[in-house]
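This report goes through a predicted model.

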Amino acid sequence: MVLEATMICIDNSEWMRNGDYAPSRFQAQADAVNLICGAKTQSNPENTVGVLTMAGKGVRVLVTPTSDLGKILACMHGLEIGGEMNLAAGIQVAQLALKHRQNKKQQQRIIVFAGSPVKHEKKMLEMIGRKLKKNSVALDIVNFGEEDEGKTEKLEALLAAVNNNDTSHIVHVPSGPNALSDVLISTPIFTGDGEGGSGFAAAAAAAAAGGVSGFEFGVDPNLDPELALALRVSMEEERARQEAAAKKAAEDAAKQEKGGEQPASSQDATMTERASAATSEAENKTTDLMDDENALLQQALAMSMDDPAISHDVKDTDMSEASASDPELALALQMSIADSTKDQASQSDMSKLLADQSFVSSILASLPGVDPNDPSVKDLLASMQNQPEPKEKNDDKPSDEEEKK
Amino acid sequence: MACLHDHSCEDHDCSSDWSLYKHIDLSKVSALNEANPGSVKSVFKAWEERLNTSGEHLESNEGDPELLVFIPFTSDVKIKSISIVGGADGTSPSKMRVFINREGIDFSDAQSMQAIQEWDLVENMQGVLEYQTRYSKFQSVANITLHFPENFGGDTTKIHYIGFKGQATQLKRDVVATIVYELMPNPSDHKTRAESGGGLSHIE
């Protein structure tokens, strides 16, 4: 959220007619400029951006630093390609434009798009760089288009002269399938210095990087909040419906097992449902689920192993946690409490079942979110086994089971 | 104009004279052409610490001895004199030009503008030299900009201490930022003795 005045120097020389960046170098550059303006104005409403062209008849300032995005986008229309780029003059005029900014509290920054060959001497560029550094102006260079030998070297020298504490950056964008704007989105030019990116940049990046992975349901909440909301609500309803059906099935199946198994299996059921629904969702969601499931599973198993008198308190706390995170799970846990209080005798049988390593491991393995190799799960299994059976045997058994999976 | 302390400092407490540093708005102090951004804040300290060269100091960029320091105060001050302790080996500044109450001055402005006052400095390693100001021009200073164009031949310019002697007024030069206008009086603001003690006047 740094307060900044930015001047963007556009290269509109003859070299920009080339089509190696889709649709043309100039268009790719214009898109990138639009995105940058948007990102800057979004990250801080008092930021100002100005634009100038470096080629054509001479360096021409199209718009002085302003926070009005519409004005900036409008001036990008009707730009003509021609002439040769004058990098030194462009930077100097940009510096002058920034000097006369209205709000002196803004940091000064120049963003240069260098697409055509640089005809200036390295020494001259270094001198310009030093002058910028002296006046604490930061410089971002986008090196694209022509790959002249010496051009990269000159631009790197310019950056080295300007750079003060990593506030200036250079980005080399080779021609390729990715659009210029997409490549720039992930660079510090867009994200600012160590800020982690404005919401705009992050959203744009996610959308560009390939739809589904960025967002739930593949829809950007920024772009279409109602659609995103509708999708989320319908997903919840579907999940609830499936959960109800699964619970019913689990109840029928679990009548053979002892009461204490209820939490594990219904949890199993809910988690399977959740998991199947979640396969289309982002990776991060599944990892969150895994953490929750691990913790909850441990609690459930610990609960069922414990003395019913003690476990009551545990159950209460578990209930509140569970209800906070997952109402379906709360229901399952509630069922387990009811069952265990009714059925004291079943505890011993249930413990025997849980003592059966293979059974427990198979449950764990079937839970898509739980990794049987997770150390916490391993510990849990080991501690469970401590009561009925010797420990070494247990360590062997789970490892065998896990190796098979 | 430079004057020497014509007394030894044990007689009175010099540090109380040089206490204007307390009225400097350190968060808004800035410098141009400093090698380490933010190092300019370290030169504003108490009189006793002025010769302490071990901590951070202000240094200009390699090969460029010019420095520009912008100092805003928290309230308007009257500046009587300025003291500068520079670095050794020719890194002390040799000239100082100041500008009053002008924000956003950069090097090209500083070089072209007429300064309020200019001084030729000498190397002040013991920190006993002070440079008197034309007091009438420094009566209500909200911010001051110091421009050091040259030094004594060193590669960079180093400054360890900048001190201001003078008085702080309680006034602020800034435009009033927030004003709350009342459309109707708020009775709770106008409690009278009679109200608490019981009496004829009664505010509802």
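Thr48(A) has a relative accessibility of 12% and therefore counts as buried; buried means under 20% relative accessible area, exposed over 50% and partly exposed in between, with a 1.4 Å probe and protein chains only. The residue belongs to strand S2 (residues 48-53) of chain A. Helices (H or I, at least four residues) and strands (E, at least two) are DSSP runs, numbered from the N terminus. The side chain of Thr48(A) is in polar contact with the side chain of Gln106(A), at 3.4 Å. A polar contact is a pair of N or O atoms within 3.5 Å; within protein, one must be able to donate a hydrogen and the other to accept it, and residues adjacent in sequence count only if both atoms are side-chain atoms. Neighbours within four places in sequence aside, the contacts of Thr48(A) (heavy atoms within 4.5 Å) include Glu4(A), Pro65(A) and Ser67(A).

The model is predicted: local features need pLDDT of at least 70, side-chain atom pairs count only at pLDDT 80 or more, and totals for chains, interfaces and linings use all residues. Residues are numbered from 1 along each chain as its sequence is written, chains are lettered from A and ligands numbered from 1 in the order in which they are written, and side-chain values use heavy atoms, with hydrogens and water left out.

In chain A, the buried residues of H3(A) include Leu87(A), Ile91(A), Leu98(A) and Lys99(A). Lys99(A) also forms a salt bridge with Asp109(B), side chain to side chain (3.1 Å, N to O). A salt bridge is a side-chain nitrogen of Lys or Arg within 4 Å of a carboxyl oxygen of Asp or Glu. Helix H2 (residues 107-112) of chain B gives three residues, the largest share of the side of chain B that touches chain A.

| Item | Value |
|---|---|
| Salt bridges | four |
| Residue pairs in polar contact (both at pLDDT 80 or more) | five |
| Residues in contact | 12 of chain B, eight of chain A |
| Buried area | about 890 Å² |

Buried area is the accessible area (1.4 Å probe) that two parts lose on being put together, summed over both. Carbon and sulfur atoms give 47% of the area buried between the two chains. In chain B, Leu32(B), Pro37(B) and Asn61(B) lose the most area to chain A, together 32% of what that side buries.

Chain B has three helices and nine strands. Of its 204 residues, 47% count as buried.
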